[in-house]
Amino acid sequence: MRIFTEPEKQFITEHLHQQPSALMLQARRYPDLPVSELVQQIQARQKAMAKLPAWAKNTDLIFPANISVEQSSSEATATFKAALVSGKLLIDLTGGFGADSYYFSKSFAQVIHVEQNRELSEIANYNFGLLGAANIQTIATTAAAFLQDFTGHADVIYLDPARRGDHSEKLHLLQDCEPDILGLLPVLLQKADNILLKASPMLDIELAAAQLGKVAKIWVVAVQNECKEVLYLLQQTPPAQPEREAVNIKTDGNISTFRFNAGQEQTITPPYSDPLTYLYEPNAAILKAGAYKTITQQSTVSKLHPNSHLYTSDTLISDFPGRVFRCTGVSRFNKKELLARLPQKQANITIRNFPDTVAGIRKKTGIKEGGNLYLFFTTDMHQKPLVLYCEKV
């Protein structure tokens with residue numbers, strides 16, 4: 001690990017928003033600077049700008065290789081996780097760049113940051129010092145080796161397994177990630193009261209819950225309606241029916257939450273209806289969490305079809321957790337009829353349980369993206385494909 005000089009930091013600040021490739025072509029203009037190293041720092045900061053804006057702008061901090069930044073939690077999700085747990089000791093067994101450890105340090109008296117990559121561990125330790133997180137201890141070792149040597153007991157052990165293969169391909173199954181969560185689970189539950197696991201949003205929740213067992217609660221976390229992570233809280237004696245919470249962190253920082261019980265979800269018989277005045281699309285976290293039926297009870301809406309996951313009502317549900325539309329028309333999928341309703345040949349298209357793709361529809365009809373009209377191609381309760389013409393409420 002190398003600490004950058006003031007002229008090097010100045011270079012990073014001045015070129016933070018420029019194209020890295022263009023900077024490399026201009027390297028000979030800066031013979032006294034290690035331009036390649038500085039461009040790597042600029043690249044990493046650019047990737048971190050949306051995730052960790054305060055860190056990205058801090059030229060005193062040192063950034064690791066881009067892959068570590070890509071896999072790091074964002075400020076929004078790390079702050080959310082830190083509010084879920086608290087206590088005397090948290091162990092972050094997959095410390096990485098250190099974003100999660102830093103935010104957890106605000107909720108715990110002590111945090112142990114475990115990272116098997118020695119250079120990354122040194123970078124995290126250096127950055128923690130600059131950020132004033134004096135209650136974080138860094139240890140450069142593997143998760144398995146740490147657990148073997150650790151004789152104490154933690155309030156929480158946190159894991160965010162690496163989800164990249166040998167050829168940088170993305171992985172999501174628990175058995176493919178590093179470290180081996182399923183293999184370590186017995187010893188993890190001996191060493192801590194709570195195990196908080198961050199998993200890929202691509203992983204099937206039912207499969208993960210069955211593989212892990214002892215699941216006390218599940219959070220599905222979305223940021224601006226895009227699923228980012230699924231969190232599993234594991235305990236030695238969990239409740240028979242763990243609660244699920246769908247979380248959507250909005251642009252303004254407000255958090256929308258939807259809680260339900262997966263067991264009760266299976267017993268609900270939802271009401272069905274033809275399209276009414278208003279159409280509702282649940283946010284991404286609710287859809288990923290699987291609250292397809294419960295939402296009809298909590299929001300007093302009807303489903304269009306068991307597999308469409310679109311909802312409708314005659315009375316406006318203004319606080320519905322998702323997108324809300326006014327339905328202005330319904331038709332079958334007929335190109336001539338469709339284009340007759342679209343003089344500008346422009347609309348936003350969404351597919352829900354429909355035998356075609358957005359790309360396929362656009363190719364067949366020539367409809368361009370954009371505008372104020374929203375088209376939902378779906379299937380109704382009578383098993384008929386249809387098109388809903390909507391505008392946002």
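Reader: What distance separates the side chains of Glu 281 and Arg 323 in their polar contact?

Author: This is a predicted model, where local features need pLDDT of at least 70, side-chain atom pairs count only at pLDDT 80 or more, and totals for chains, interfaces and linings use all residues. Residues are numbered from 1 along each chain as its sequence is written, and side-chain values use heavy atoms, with hydrogens and water left out. A polar contact is a pair of N or O atoms within 3.5 Å, one able to donate a hydrogen and the other to accept it; residues adjacent in sequence count only if both atoms are side-chain atoms. The side chains of Glu 281 and Arg 323 make such a contact at 2.7 Å.

Reader: Which other arginine side chain makes a polar contact with the side chain of Glu 281?

Author: Glu 281 touches Leu 310, Phe 320, Gly 322, Arg 323, Thr 350, Arg 352 and Phe 376, leaving aside residues up to four places away in sequence. Touching means heavy atoms within 4.5 Å. A polar contact of 2.9 Å links the Glu 281 side chain to that of Arg 352.

Reader: Is Glu 281 buried or exposed?

Author: Glu 281 sits in strand β10, residues 278–282. Strands (E, at least two residues) and helices (H or I, at least four) are DSSP runs, numbered from the N terminus. Buried means under 20% relative accessible area, exposed over 50%, partly exposed in between (1.4 Å probe, protein chains only). The relative accessibility of Glu 281 is 6%, so Glu 281 counts as buried.

Reader: Which residue of β16 is the bridge partner of Thr 378?

Author: β15 pairs with strand β16, residues 385–392, in the antiparallel sense. Six bridges join β15 and β16. Within β16, Thr 378 has as its bridge partner Leu 386.

Reader: Which residues of helix α16 are buried?

Author: Helix α16 spans residues 358–365. Its buried residues are covered by elements including α15 (335–340), β14 (348–352) and β15 (374–379). Those buried residues are Gly 360, Ile 361, Arg 362 and Thr 365.

Reader: Which residue just after α16 takes a positive phi?

Author: Helix α16 ends at residue 365. The phi just after the helix is about 80 degrees. The residue is Gly 366.

How values were computed
Pairing = 2+ DSSP bridges.
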